[in-house]
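Student: I would like to go through this structure term by term. Please set each value against its definition.

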Amino acid sequence: MRYEPVIGLEIHAQLLTATKIFCGCATTFGAPPNTNVCPVCLGLPGALPVLNRRAVELAIRAGLALGCRIQARSIFARKNYFYPDLPKGYQISQYDQPLAVEGRLELGPDARTRYVGITRIHMEEDAGKSLHHGLPDSDRYTAVDFNRAGVPLIEIVTEPDLRSAADAAECFSRVREILVALGVNDGNMEEGSLRCDANVSVRRVGEATFGTKTEVKNVNSFRFLQKALEYEIERQIDVLESGGRVVQETRLWDSDLGETTSMRTKEEAHDYRYFPEPDLQPLDVPQAWVEAIRSTLPELPEERKQRLMAAHGLSDYDADLLVRLITGGADYFERVVAAGAQAKAASNWIQGEIRRRLKELGRDDMSAVPVTPEALAELIDLAERGVVSSTVAKDVFDRMWTTGRRAKAIVDEEGLAQTGDTSAIAALVESVLAENADAVEQYRKGKTNVIGFLVGQVMKKGKGRIDPKVANQLLRDALGGAASSPGA
Amino acid sequence: MPHSSAHSARALRDAIANGQLTAEAACQAALDRIAARDPELHAFHTVFAERALERARALDRSTGPRGPLHGVPIALKDNITVAGTVTTAGSKMLATYRPPYDATVVERLEAAGAIVIGKTICDEFSMGSSTENCAFGPSRNPWNPDRAPGGSSGGSAVAVAAGMTPLALGSDTGGSIRQPAAFCGVVGLKPTYGRVSRYGLIAYASSLDQIGPFATTVRDAALCLDVISGPDPKDSTAAAVEPPKFEAALTGDIAGLRVGVPRGWLREGVDTEVMARFEESLATLERLGAVVSEIELPHSRVAVPVYYLVATAEASANLARFDGVRYGYRAPDARDLGEMYDRTRDQGFGPEVKRRIMLGTYVLSAGYYDAYYVKAQQVRTLIRRDFDEAFADVDVVATPTTPTAAFPLGALRDDPLKMYLADTFTVSAPLAGLPAISVPCGWTDDRLPVGLQLTGRAWDEATILRVADAFERTRH
């Protein structure tokens with residue numbers, strides 16, 4: 001019996017505001033415990049929340065970039081539960097009227113383009129942090145740090161459209177990439193500014209209804225998300241195959257054990273008793289504000305990749321690498337092209353020489369490259385025009401990297417330009433032919449591809465400063481046209 | 001006699017301004033009066049004698065511009081935060097709690113030159129109509145110490161009625177200013193929801209709570225509202241509406257003013273003496289040129305149950321923060337977190353608060369939310385709509401403030417439903433967000449005061465103040 005998994009994600013992302021969502025306290029990470037606090041975020045009696053407009057703006061940015069409709073009116077609600085790190089005994093969140101709804105995210109395109117529906121994006125405040133260990137009296141007390149309480153979050157909820165653990169990981173990764181490109185979130189999963197929970201069920205292929213789902217928590221990396229889901233999918237299939245039923249529950253991923261364990265069942269689930277937050281007005285977002293924010297959206301990575309492919313004829317692989325794998329790669333590429341270089345050559349240089357050197361430095365961002373895009377364009381131009389050979393061009397690039405000098409200066413001062421002096425090359429050709437009688441013999445017998453070897457020998461003698469096209473032509477002339485030239 | 005309007009805030013301020021009196025002397029006089037009367041009446045939970053006198057002396061020394069309440073002592077209900085002073089909201093939970101910040105109204109009062117002299121007794125977290133639900137005790141009615149002063153802002157009403165301070169602030173959620181004002185024979189005003197900042201008011205029911213003044217005269221209430229009202233960036237529900245000058249609205253002229261009386265609602269059971277004082281008041285208004293007519297407010301008959309669903313739902317969340325974690329009472333010797341919560345809240349809250357938290361929790365629970373909370377909000381909308389329709393034909397709505405005069409302390413203690421009915425005529429205005437004032441309108445045979453309630457259009461405190469002032473002038 002074949003099964004398919006059905007997966008939906010809930011992604012919590014901290015908004016990159018300077019201050020908290022309902023008060024003026026700083027959001028800086030790593031401050032001494034309980035220093036970024038005030039009556040509002042400590043939930044002192046009588047204190048009241050006031051909504052941070054910048055947080056709303058960032059949430060709208062995320063909503064627009066994920067293809068959502070921004071609701072003209074959304075409502076904050078109280079989510080009631082007791083926990084020591086929750087100062088008011090309720091979290092201010094949004095419930096049945098979230099800020100953004102009905103979005104869509106594209107996965108791939110690879111073998112097949114898939115779309116993941118975005119059910120909703122709502123705003124909420126973060127809770128504080130309970131410290132159960134590591135303090136002198138941790139055997140008797142739990143300490144609470146409220147610096148994080150009131151930090152603005154968005155929760156992005158997807159439709160149950162994902163059908164594999166790998167797709168779920170790609171979805172999470174794609175959302176992260178978009179939020180970072182927007183300046184909405186810093187993408188830092190270790191510090192907890194981006195977190196993900198997954199709802200997963202399995203069903204027999206072809207079945208229309210969903211199976212019973214479990215919620216997997218604590219999967220804060222793409223790899224853990226994929227592994228946790230793979231584990232959970234297998235577990236659920238095993239339960240069904242052995243005649244059992246999947247229990248609706250919340251399960252915690254343990255990355256050390258490599259398994260999920262039950263945290264609480266549906267019967268133990270909270271009744272959050274949501275109701276509209278009477279301390280805040282409904283959030284009204286005029287369409288003009290939405291449009292103003294829309295006009296400031298940057299080009300998103302996937303859009304840029306598609307544009308690079310269309311405008312410059314780059315392959316999917318090349319464009320993906322420039323946009324996603326090297327930070328600043330696409331910007332650099334476009335500046336090289338803008339300075340007059342041919343796109344394919346620019347892409348090759350970035351992916352070849354530059355990437356190799358970055359790897360040596362242990363870096364993956366273009367800010368570590370000392371050669372400006374304009375300087376690279378100049379070098380590419382010299383190579384394209386045949387002023388230097390490709391071998392020499394790499395040497396020149398080396399020197400540009402270490403000395404910061406420009407390509408033309410290096411070539412001129414060190415006499416690295418290829419010689420176009422036919423008589424000088426002809427002399428080299430003559431000596432190469434004399435030294436390689438075997439190859440000449442083979443050529444004459446019709447094995448014309450040895451010409452490459454002979455050109456190489458001429459180049460070697462000329463220490464790279466010879467135009468290989470001229471060498472090729474002179475060799476062919478000297479060998480007397482026994483084989484037809486392949487149109488060189 | 002409990003009070004004399006010769007010691008109105010305005011008269012006191014003018015006497016200080018004229019040099020007849022220093023702020024320090026005025027403050028000392030208030031402290032003396034408290035020392036003489038409070039052992040019996042118990043209006044105050046805390047008195048800041050030193051803090052108040054120091055401030056008074058500083059005011060006397062200052063040569064800068066004088067605020068409209070320069071040197072006037074004022075008492076605050078003990079659910080309004082004053083930085084560094086104990087603020088209990090009438091609860092054991094906060095018996096030793098000292099907030100680190102001032103409520104917005106406190107900042108505004110002090111900027112206007114008022115001297116906060118102490119904190120008054122109130123029902124725990126404003127839940128009650130007699131101050132008997134206060135952990136620190138009831139206050140007593142100055143007209144008859146065996147009678148309840150009303151609640152929940154009972155201590156503030158007593159402080160003003162007994163002449164201890166010319167002004168006091170209370171908070172009104174379902175009648176907690178107007179009902180004690182009526183019981184104690186003083187003026188009590190609940191402003192339009194959003195007129196006065198709630199920042200620093202310990203919440204009972206956030207969509208209903210509103211701070212307002214007690215005073216011996218309508219003019220003092222208007223003066224105080226002038227000082228405390230207006231937009232506040234710290235309270236999103238404080239409307240961005242600049243208030244008018246309320247004191248300037250008191251022209252004494254109400255000729256042609258239309259007064260609506262919801263006769264159908266009043267048939268619910270009003271004490272005969274209270275009803276008699278009410279009819280006399282209507283006659284007085286007519287003599288002043290007002291036109292009295294009958295109106296319908298059909299849904300106000302169910303205002304009490306609607307109120308007890310909405311208010312308790314909000315309270316169940318508002319009071320969740322009292323968990324023993326960060327401040328306030330924490331039960332000793334709990335073995336784990338659950339036990340700490342259970343014991344802290346069991347020992348820290350009184351029975352009425354627990355009753356309302358449980359009711360509110362139930363109202364919001366899965367499966368009951370639509371039947372109770374949503375339904376109550378729908379009826380709340382109908383109550384508001386009734387008023388909107390009525391205000392097409394009339395300018396103010398008049399009712400007795402309470403169905404009876406002050407009841408004996410202890411009489412309703414064990415009968416919460418009967419206690420809730422003391423709010424019959426006062427819960428509609430907060431549910432509809434409207435301003436309402438209680439102004440003294442006579443006495444029962446037992447020499448207990450009776451209050452006339454006037455409810456106005458949203459943001460139109462000016463009209464109810466003008467009517468109440470014109471009415472009050474006929475009685476002095």
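Tutor: Start with angles. Axes are lines fitted to C-alpha atoms, for helices over the stretch in contact, and angles run from 0 to 180 degrees between N-to-C directions. Helices (H or I, at least four residues) and strands (E, at least two) are DSSP runs, numbered from the N terminus. This is a predicted model: local features need pLDDT of at least 70, side-chain atom pairs count only at pLDDT 80 or more, and totals for chains, interfaces and linings use all residues. Residues are numbered from 1 along each chain as its sequence is written, with chains lettered from A and ligands numbered from 1 in the order in which they are written.

Student: What makes H7(B) and H16(B) roughly antiparallel?

Tutor: The axes of helix H7 (residues 218-228) and helix H16 (residues 461-473) of chain B cross at roughly 155° and come within 9 Å. Angles under 35 degrees count as roughly parallel, over 145 as roughly antiparallel, 65 to 115 as roughly perpendicular and the rest as oblique. So H7(B) is roughly antiparallel to H16(B).

Student: Which residues make the contact?

Tutor: Two residues are in contact if their C-beta atoms, placed from the backbone, lie within 7 Å. H7(B) contributes Val218(B), Arg219(B), Ala221(B), Ala222(B) and Leu225(B). H16(B) contributes Glu461(B), Leu465(B), Ala468(B), Asp469(B) and Glu472(B).

Student: How many residues of each class does that contact have?

Tutor: Six nonpolar, no polar and four charged. Ala, Val, Leu, Ile, Met, Phe, Trp, Tyr, Cys and Pro count as nonpolar, Asp, Glu, Lys and Arg as charged, and the others, Gly among them, as polar.

Student: Why are S1 and S8 of chain B said to stand at the edges?

Tutor: Two strands pair if DSSP finds at least two bridges between them. The open sheet has 11 strands in the order S1-S3-S2-S4-S6-S5-S10-S11-S9-S7-S8 (chain B), with mixed pairing. Strand S1 (44-47) and strand S8 (291-294) of chain B each have a single partner strand, so one side of each lacks a neighbour in the sheet.

Student: How do you know that S2(B) and S3(B) pair?

Tutor: Five bridges link strand S2 (residues 73-77) and strand S3 (residues 115-120) of chain B, in the parallel sense. Pro73(B) stands opposite Ile115(B) in S3(B).

Student: Why is Asp333(B) called exposed?

Tutor: A residue is buried if 20 or more other C-beta atoms lie within 10 Å of its own, exposed if 12 or fewer, and partly exposed in between; C-beta atoms are placed from the backbone. Asp333(B) has 7, so it is exposed. Its phi is near 65°, a positive value in a residue other than glycine. Asp333(B) lies in the loop between helix H10 (303-318) and helix H11 (337-348) of chain B.

Student: What makes Arg447(B) exposed?

Tutor: Arg447(B) has 10 other C-beta atoms within 10 Å, so it is exposed. Phi of Arg447(B) is near 60°, again positive in a residue other than glycine. The residue sits in the loop between S10 and S11 of chain B.

Student: Which peptide bond is cis?

Tutor: The one from Gly151(B) to Ser152(B), with omega near 5°. Most residues other than glycine have a negative phi, and most peptide bonds are trans.
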